[in-house]
Amino acid sequence: MFNLYNEILTEHNRHPNNKCSLADATHHQHGINPNCGDEITLSLKLNNNIIEDASFQGSGCAISQASTDIMIDLMLDQPVDKAKELCRLFIGMVQGTITDEKELAPLDEALTFKNISKMPARVKCAVLSWHTMETILDKALQNSQ
């Protein structure tokens, strides 16, 4: 059996860098996992299709909270298309459909969640914020056209 609750996940859960309000956010999106009650609200500040700042608020299990914090760390200063690609990679990794190490390398600390695919009940916890981010990014792209 593997230990999912490693040092990286534990640190991001106990001391999240990005759990706060974002006064000058340009986009907000609420996400909920009805299976377990995890709930987050993502806030983004987009400037010329670049994620200039981001934060989250909400509550949930260690996996959902740490995944959200790590995701925001990866997304800061990224263009929207790169952020969407990171979402695709993470969701594919957690669902077990993307396994190539080189393809997954851009996920950096988010690789911590690689083995969660072996715990199907926890997959939704890990991907909640990533799906929520995809929704914000899709809406932002629609509004910019």
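The legends below describe an overview and several close-up views of one predicted protein model.

**Figure 1. Overall fold of the predicted model.** The protein comprises five helices and three strands, where helices (H or I, at least four residues) and strands (E, at least two) are DSSP runs numbered from the N terminus. Along the sequence these elements follow the pattern α-β-β-β-α-α-α-α. The radius of gyration is 14 Å, close to the 15 Å given by the globule rule for 145 residues, so the protein is as compact as a globular protein of that length; the radius is taken over C-alpha atoms, and the rule is 2.2 Å times the number of residues to the power 0.38. Along the principal axes, the C-alpha atoms fill a box of roughly 45 × 30 × 25 Å. Residues are numbered from 1 along each chain as its sequence is written, and side-chain values use heavy atoms, with hydrogens and water left out. Local features need pLDDT of at least 70 and side-chain atom pairs count only at pLDDT 80 or more, whereas totals for chains, interfaces and linings use all residues.

Figure 2. Of the 145 residues, 43% count as buried; buried means under 20% relative accessible area, exposed over 50%, and partly exposed in between (1.4 Å probe, protein chains only). Residues 24 or more positions apart account for 61% of the contacts with a separation of 6 or more, a contact being heavy atoms within 4.5 Å. The protein exposes about 7300 Å², of which carbon and sulfur atoms supply 47%; accessible areas come from the Shrake-Rupley method with a 1.4 Å probe.

Figure 3. Strand β1 (residues 27-33) and strand β2 (residues 38-47) run antiparallel and are joined by seven bridges; two strands pair if DSSP finds at least two bridges between them. Within this pairing, I32 stands opposite E39 in β2. Strand β2 also pairs in the antiparallel sense with strand β3 (residues 50-59), over nine bridges, and the bridge partner of T41 in β3 is Q57.

**Figure 4. The two hairpins.** Four residues lie between the strands in the hairpin of β1 and β2, where G37 takes a positive phi near 95°. In the hairpin of β2 and β3, two residues lie between the strands, and N48 takes a positive phi near 55°.

Figure 5. T132 lies in helix α5 (residues 120-144) and, at 5% relative accessibility, counts as buried. Leaving out residues up to four places away in sequence, T132 touches Q29, H30, G31, I40 and L42. Among these contacts, Q29, H30 and G31 fall within β1 (residues 27-33), while I40 and L42 fall within β2 (residues 38-47).

**Figure 6. Q95 in the loop between α3 and α4.** Q95 is found in the loop between α3 (80-94) and α4 (101-104). With a relative accessible area of 45%, Q95 is partly exposed. Apart from its neighbours within four places in sequence, Q95 is in contact with S117 and V123. The C-alpha atoms of Q95 and S117 are separated by 5.4 Å, although the two residues are 22 residues apart along the chain.

**Figure 7. R14 in helix α1.** R14 is found in helix α1 (residues 7-14) and is exposed, with a relative accessible area of 62%. The C-alpha atoms of R14 and L137, which are 123 residues apart along the chain, are separated by 27 Å.
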